[in-house]
Amino acid sequence: MKLLPIPADGQTPVRVLTIAGTDSGGGAGIQADSRTMALCGVHACVAVAAVTVQNSVGVSGFHEIPPNIVADQVRSVVGDIGIGAAKTGMLASTAIIEAVAGVCQEVGIGRDGSIPLVVDPVAASMHGDPLLHESALDAVRYTLFPLATVVTPNLDEVRLLTGVDVVDDATARRAAEALRALGPQWAIVKGGHLRTSRFSTDLLFDGEQFLEFTAPRIETGNDHGGGDTMAASIACALANGYSVPEAVEFAKEWTRRCLEASYDLGAGHGPVSPLWRLNYA
């Protein structure tokens with residue numbers, strides 16, 4: 001695959017900001033974002049929105065960071081360090097979503113600004129544990145999505161946000177149209193959770209054209225953090241100047257490689273792993 005450039009020693013890397021929750025087990029959330037960013041040759045900046053109590057078998061609790069502190073982290077990083085792209089993950093509540101949306105507009109993050117924004121609308125963990133208050137779904141739909149360069153929900157999140165249950169190509173297209181109607185520049189309907197197919201096909205839509213990105217399905221239970229990894233790698237590619245379709249193509253292959261390199265961890269689901277990148281010059 002075509003890899004993103006690794007900066008020379010002493011050269012300032014491209015910077016990407018993740019606005020998300022932590023994973024104390026290290027497999028998803030900010031930890032997954034930071035691992036992918038580092039191994040893509042990118043300097044990861046972080047705005048912590050929530051702290052989860054989590055391991056390989058589930059999430060047993062989380063603590064929300066005050067919304068003004070979340071926004072101040074974004075403001076501080078962008079004002080001093082500067083970033084080439086940003087992504088969101090777990091934002092937990094309406095108040096945090098509104099604070100993030102406000103500061104993104106203030107500093108030029110989003111589809112109408114100079115800094116691309118990838119929105120991964122994290123609503124629940126892969127174990128089904130809630131990571132977003134149900135009352136915050138409208139804030140995702142009508143406050144966050146209209147700012148997004150691209151949105152990357154999984155199929156469960158697609159159903160929550162649009163009411164469309166994706167079971168085949170026709171419903172995937174209907175879901176992409178419904179997501180795009182909420183305001184993002186591009187919408188992805190990811191096929192990774194459509195277990196009945198031998199292939200994983202992601203559908204990208206900009207309101208006019210549908211683009212498909214297909215890879216053989218990798219049979220593994222160690223797929224924790226796959227969605228975070230996909231969104232983070234899209235953000236890394238966008239920060240390196242890729243178009244949205246080019247960034248999704250890169251991220252699809254990056255995530256496939258990370259699934260192939262996934263490993264056992266704890267008693268539950270192990271994480272996808274970008275450590276394969278260390279074997280390539």
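Is Asp169 buried, exposed or partly exposed? Please select this residue in the predicted model. Asp169 is partly exposed, since its relative accessible area is 42%, and partly exposed covers the range between buried, under 20%, and exposed, over 50%.

**The partner of Asp169**

The side chains of Asp169 and Arg173 form a salt bridge, with 3.4 Å from N to O. Both residues belong to helix α6 (residues 169-180); because they lie four residues apart there, about one helical turn separates them. Arg173 is likewise partly exposed, at 30% relative accessibility.

**Arg159 and Asp165**

Now select Arg159 together with Asp165. A salt bridge joins these two side chains, and its N to O distance is 3.6 Å. Arg159 counts as partly exposed because its relative accessibility is 38%. For Asp165 the relative accessible area is 43%, so this residue is partly exposed.

**Asp33 and Lys87**

Move on to Asp33 and Lys87. Their closest N and O atoms are 2.9 Å apart in a salt bridge. This pair connects distant parts of the chain: Asp33 sits in helix α1 (residues 29-39), whereas Lys87 sits in strand β4 (residues 85-88), 54 residues apart. Are these two residues, Asp33 and Lys87, buried or exposed? Both are buried.

**A network of four residues**

Finally, select Glu253, Arg256, Arg257 and Glu260. Salt bridges link these residues in a network.

Terms used
Residues numbered from 1 in each chain as written. Predicted model: local features only at pLDDT ≥ 70, side-chain atom pairs only at ≥ 80, totals over all residues. Heavy atoms only, no water. Helix = DSSP H or I, 4+ residues; strand = E, 2+ residues; numbered from the N terminus. Buried < 20%, exposed > 50% of the residue type's maximum accessible area, 1.4 Å probe, protein only.
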